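Please look through the sequence and the model shown here before reading on. The briefing that follows goes through the two chains topic by topic, and it can be read with the structure open beside it.

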Amino acid sequence: MPAQEPIVPTEPATPFTATLTRRGFVKMGGALFVSIAVPIEIFGSTATANAAASESRTSLDPTQLASWLEIRSENSIVARTGRTETGTGMSAYYAQVIAEELSVRPEAISLILGDTDRTPDGGYSAGFLYGMANVRKVAALTYQALLGLAATQLGVPVSALSVTDGIVSGGGKSISYGQLVQTQQLDLKISVTGKYATVDPSVPDGNGLAGLDGFSVTGDPPMKPVSQYKVIGTSYPVPGIPDKVTGKARWSCDVALPGMLHARMVRPSTLGSTLISVGALDKTKFPTAEVLRKGNLVAVVSPNEWEAVTAAQSVAGTAKWTDWSGLPGSENLEKTLRAHEWGAPSQSKGNADEVAAALASAPKTISATYELPYVRHAPIGPFVAVADVRSDGSVTVWTHSAQSQGLRAQIANTLSVPAEKVVVRWLDHSGQYGRTTFGGDGAEADAAILSQLTGKPVRVQWTLQEDLAWSSVSPAYLLDMKAGLDANGRVIAVHSASYTPHQSDARLLGAILAGMPCSTPRPGSWVATEWPYDKIPRRLEQAYGMPSLGAESAYGGLRGNIMRTPGQRQQNFALEGLLNEAAAAAGVDPIQFRLEHTTDQRLIDILNATAKAAGWESRTAPHHEARKTGTAPVTGRGVSIIVRSNAYWVGIAEIAVVPATGKVQVTKFTIGADCGKVINPRQLGLCMKSGVVMGLSEALKEEVSFDKSKVTSTNWSSYKILTMEEMPDLKIVQISRDDKGFGGGSEAANAVVPPAVAAAFFDATGVHARTLPLNPARVMVLLKG
Amino acid sequence: MPDEVTLSVNGAQHVVSAAPDTPLLYVLRNELKLTGPRLGCGMAQCGACAVLLDGEEVRACVAPLSYAVGKRVTTIEGLPGVWAEQRGLSPEDVAKTLHPVQQAWIDEQVPQCGYCQSGMMIAAMGLLAKNKNPTVAEIKDAFTNTPPSPHLCRCGTYAAIIDAVQRAAKSMQAGKA
């Protein structure tokens with residue numbers, strides 16, 4: 001990410017000695033308070049929707065503490081962040097972290113997430129550690145301010161005060177937070193750096209947007225010592241779950257505005273076809289439907305959703321498109337990537353000369369090429385969005401994007417309106433797994449353009465087939481790996497070179513098809529690995545990038561985008577594969593081999609703990625009964641690790657392979673994680689298990705297929721993901737540390753899985769699995785090779 | 001052309017006006033504002049839209065409205081009523097009641113994004129109606145091999161679902177939510 005430039009310079013906050021003044025919320029903007037006190041009814045309501053949505057156009061001032069945190073007179077607390085719940089439990093963790101610093105119960109806190117007009121900061125939803133740092137500091141500042149107020153009110157020095165559940169006590173007296181602030185808010189300036197997201201073609205790092213980090217709170221207010229934690233480390237339930245279970249939750253697909261039209265899109269026949277003619281709509285069959293077109297963006301709208309569905313199917317049958325065939329076909333993927341002239345790496349880490357010399361002098365070297373296919377995020381719920389573009393130029397978009405401010409910037413750019421005219425409101429929806437992290441991909445541009453054309457609110461619901469064909473993809477990787485071993489079988493040098501198409505195209509499809517302004521993606525790649533093996537003295541890591549396959553199409557071909565554990569998932573597959581091959585070559589147990597190549601005690605501890613939980617017995621791979629023929633199953637076990645965002649992960653897979661059929665069944669998976677201080681053990685455990693499921697899905701099943709014109713894996717029969725029956729027994733191991741801060745507790749869980757499964761495959765069969773997925777067809781090729 | 005039909009949903013009769021080939025899902029969501037069932041694949045491949053028809057799971061994204069007429073439709077919004085009826089609770093109690101399946105989904109913290117979970121709870125209802133105490137293998141089999149398709153979860157919550165089904169089974173046998 002580029003360095004942030006502070007555009008809101010403020011004096012460093014000195015809240016601990018400052019005299020606090022209080023003033024009525026009205027001076028800070030009464031609309032803010034009202035909009036929170038009166039929930040905005042957007043679901044089927046007739047009167048309030050437009051008025052409510054247009055009452056506030058811009059985001060809250062991040063330098064005002066009350067923009068982040070508001071204490072209500074009845075002791076409840078409203079906290080606001082532009083980051084969202086992505087399904088990994090962050091709405092619980094945010095509440096826990098704030099509650100801890102304020103010494104209140106987490107139940108007292110309600111969160112407003114992701115709405116651009118009701119939150120102060122912006123930022124990546126996946127950037128939980130950064131978002132948490134913000135709200136934690138804000139809570140700590142607030143706590144100090146409240147103590148100061150209480151000291152005055154109670155006539156007791158701050159040092160004599162204690163707080164329990166929002167009640168400040170001292171000198172035999174007590175007062176609640178609510179009583180301290182009454183209906184007013186703390187008037188406290190806080191210091192921030194950062195800026196709101198903008199579409200900025202000069203951004204060098206790929207996605208064409210600046211400011212996606214949003215604002216960061218600076219300074220170091222005193223924090224509660226870990227030893228005094230009461231809320232962090234408990235399994236506080238995720239607040240949104242009861243409403244999701246009863247049907248009360250309101251999702252982005254549930255937004256219904258007065259006069260709203262339902263739209264279904266009619267997409268080009270290939271990833272590069274342009275429109276020749278739409279054809280007429282039979283008005284006797286579809287009396288209230290209408291065909292809309294802007295450039296190559298074609299849609300059918302109707303007040304009745306089912307009419308929109310059926311009329312769009314009819315139009316799709318009559319529309320004529322030009323031919324296009326600019327893709328190589330997925331069967332030619334490796335050949336195509338290998339044939340590309342890559343030029344210089346986008347990023348290179350390490351000393352090339354030293355590594356070359358070490359490899360040249362090593363008594364033993366191992367070289368291997370690893371290949372990973374195109375995969376995709378593939379949520380169960382396809383993209384959906386509602387947009388209302390009004391005659392005064394104001395715009396409201398209802399979204400499930402994981403980057404509300406980035407989306408606001410993109411919509412403003414596409415419609416050529418100032419960002420201040422655009423409000424993005426966030427609601428729950430199907431998981432995104434990274435595809436909207438840059439504020440791109442999705443149905444929002446479709447909806448906004450159609451709303452602009454019709455002058456009415458428009459809801460655009462993508463179909464699954466459309467989503468699997470037209471949403472962005474996580475690109476294929478080729479990885480050339482080389483290790484040099486000394487006479488004792490220790491790795492003395494590693495050279496890794498990864499080759500991949502573009503993976504940060506944040507454009508909105510509707511804008512591309514309509515020929516309207518878009519962000520500017522720049523091809524490139526990066527070294528994502530966080531190096532775990534400090535006892536390997538020399539390494540050279542190089543990441544090569546190229547444009548998306550089919551990029552010369554008017555629509556960008558297979559638009560590459562990041563996906564869960566981006567780049568590192570793929571690079572770690574090759575690195576861990578290489579380590580497993582080196583361990584086998586050295587004749588050392590693969591866990592022992594890793595222990596011999598690191599001095600990092602956290603890695604050592606989680607490796608040992610996970611091995612113990614899995615009942616790992618030390619021996620070399622492959623197993624002495626390994627075989628690659630026969631109808632009886634053959635078993636194996638394998639290990640991999642990954643270090644990411646101050647967290648250490650270990651995966652141990654146990655599998656059974658039937659050589660005659662190529663069927664791989666993972667029978668047990670043990671996953672261990674040390675992510676510093678565990679905030680919520682139960683949710684961490686759930687995320688570890690669910691991450692393993694996604695990782696197994698990638699290891700065994702997932703692969704985007706395409707011919708020369710289009711994606712061909714466009715339903716759940718052709719884009720296969722793991723089913724419940726294929727899930728093995730899962731075992732989890734957690735290490736919580738009080739002295740290592742907080743680490744990322746979800747993302748890498750999927751990435752640790754495929755290399756462990758590949759290692760287990762080698763253990764079982766004696767054949768290295770350097771390519772995924774390990775479906776029966778590929779396994780048969782591997783075993784015959 | 002739209003017809004007026006009477007639909008029995010969650011214990012209440014509703015007159016709806018829709019073309020008879022309209023999939024039940026669109027009627028439930030857009031006419032009756034029952035948004036528990038959600039559109040996933042639209043082709044009976046994922047289970048996100050599942051509802052009960054006379055206690056049997058169907059995929060509302062493909063089942064036409066005409067097919068539901070004369071049958072009792074149950075969505076997750078109606079599960080408390082199902083439990084209240086089984087337990088002989090008063091209508092007033094329904095508002096305060098959760099079905100044991102729902103309570104188990106909360107207790108086990110099953111939903112991550114939660115998009116598929118309405119359908120998962122409906123599948124659990126279908127299974128527990130036939131098998132009061134399913135084993136892990138039986139749960140995996142039911143959620144994978146019951147026609148027309150596996151129930152898919154992309155967040156990967158299958159382990160939590162299994163725990164929740166077994167918890168719900170215990171609660172239902174004990175007669176408590």
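What percentage of the contacts in chain B with a separation of 6 or more is accounted for by residues 24 or more positions apart? The share is 58%, and it belongs, like every value below, to a predicted model.

**Chain B as a whole**

- Chain B contains eight helices and five strands, and read from the N terminus its elements follow the order β-β-α-β-β-α-β-α-α-α-α-α-α.
- The radius of gyration of chain B is 16 Å, close to the 16 Å that the globule rule gives for 177 residues, so chain B is as compact as a globular protein of that length.

**Where the two chains touch**

- In the contact between the chains, 44 residues of chain A meet 47 residues of chain B.
- On the chain A side, helix 7 (241-246), helix 8 (305-318) and helix 18 each supply at least two residues, and the largest share, eight residues, comes from helix 18 of chain A.
- Sorted by class, the side of chain A that touches chain B has 20 nonpolar, 17 polar and seven charged residues.

**Helix 18 of chain A**

- Helix 18 of chain A runs over residues 681-700, and its 20 residues reach 28 Å from the first C-alpha to the last, close to the 28 Å expected at 1.5 Å a residue.
- Because 18 of its 20 residues are buried, helix 18 of chain A is largely enclosed by the rest of the structure.

**Domains of chain A**

- Chain A is divided into domain 1 (21-250), domain 2 (261-324 + 383-461) and domain 3 (330-371 + 477-502 + 524-568).
- The C-alpha centres of domain 2 and domain 3 of chain A lie 38 Å apart, and nine residues of domain 2 are in contact with ten residues of domain 3.
- By class, the side of domain 2 of chain A that touches domain 3 has three nonpolar, four polar and two charged residues.

**The nonpolar core**

- In soluble globular proteins, nonpolar side chains tend to be buried together.
- The largest nonpolar core in this model has 302 residues, and those that touch the most other members are Val300(A), Val397(A), Val752(A), Val757(A) and Phe761(A).
- Helix 5 of chain A (residues 128-154) gives the most to this core, with twelve residues.
- When its neighbours within four places in sequence are left aside, Val752(A) has contacts that include Ser640(A), Ile641(A), Ile642(A), Trp649(A) and Gly695(A).

**The loop between helix 17 and strand 27 of chain A**

- His623(A) has its place in the loop between helix 17 (601-614) and strand 27 (634-644) of chain A, and Pro622(A) lies in the loop between these elements too.
- Leaving aside its neighbours within four places in sequence, His623(A) is in contact with Gly636(A), Asp763(A) and Ala764(A).

**Backbone features to look for**

- Most residues other than glycine have a negative phi, and most peptide bonds are trans.
- The peptide bond from Ala621(A) to Pro622(A), however, is cis, with omega near 0°.
- A cis peptide bond also joins Leu772(A) and Pro773(A), with omega about -5°, and Pro773(A) lies in the loop between helix 19 (753-765) and helix 20 (776-784) of chain A.
- Asp165(A) is not a glycine, yet it has a positive phi of about 50°, and its place is in the loop between strand 5 (162-164) and strand 6 (167-170) of chain A.
- Is Asp165(A) buried or partly exposed? With 15 C-beta neighbours inside 10 Å, Asp165(A) counts as partly exposed.
- Lys33(B) likewise has a positive phi, of about 55°, although it is not a glycine, and Lys33(B) is found in the loop between helix 1 (24-31) and strand 3 (50-53) of chain B.
- Lys33(B) has 12 C-beta neighbours inside 10 Å and therefore counts as exposed.

Conventions:
Residues numbered from 1 in each chain as written. Chains lettered and ligands numbered in written order. Predicted model: local features only at pLDDT ≥ 70, side-chain atom pairs only at ≥ 80, totals over all residues. Helix = DSSP H or I, 4+ residues; strand = E, 2+ residues; numbered from the N terminus. Expected span 1.5 Å × (residues − 1). Contact = placed C-beta atoms within 7 Å. Nonpolar A, V, L, I, M, F, W, Y, C, P; charged D, E, K, R; others polar. Domains from an automatic or database assignment. Rg over C-alpha atoms; globule rule 2.2 N^0.38 Å. Core = buried A, V, L, I, M, F, W, Y, C linked by C-beta atoms within 7 Å.
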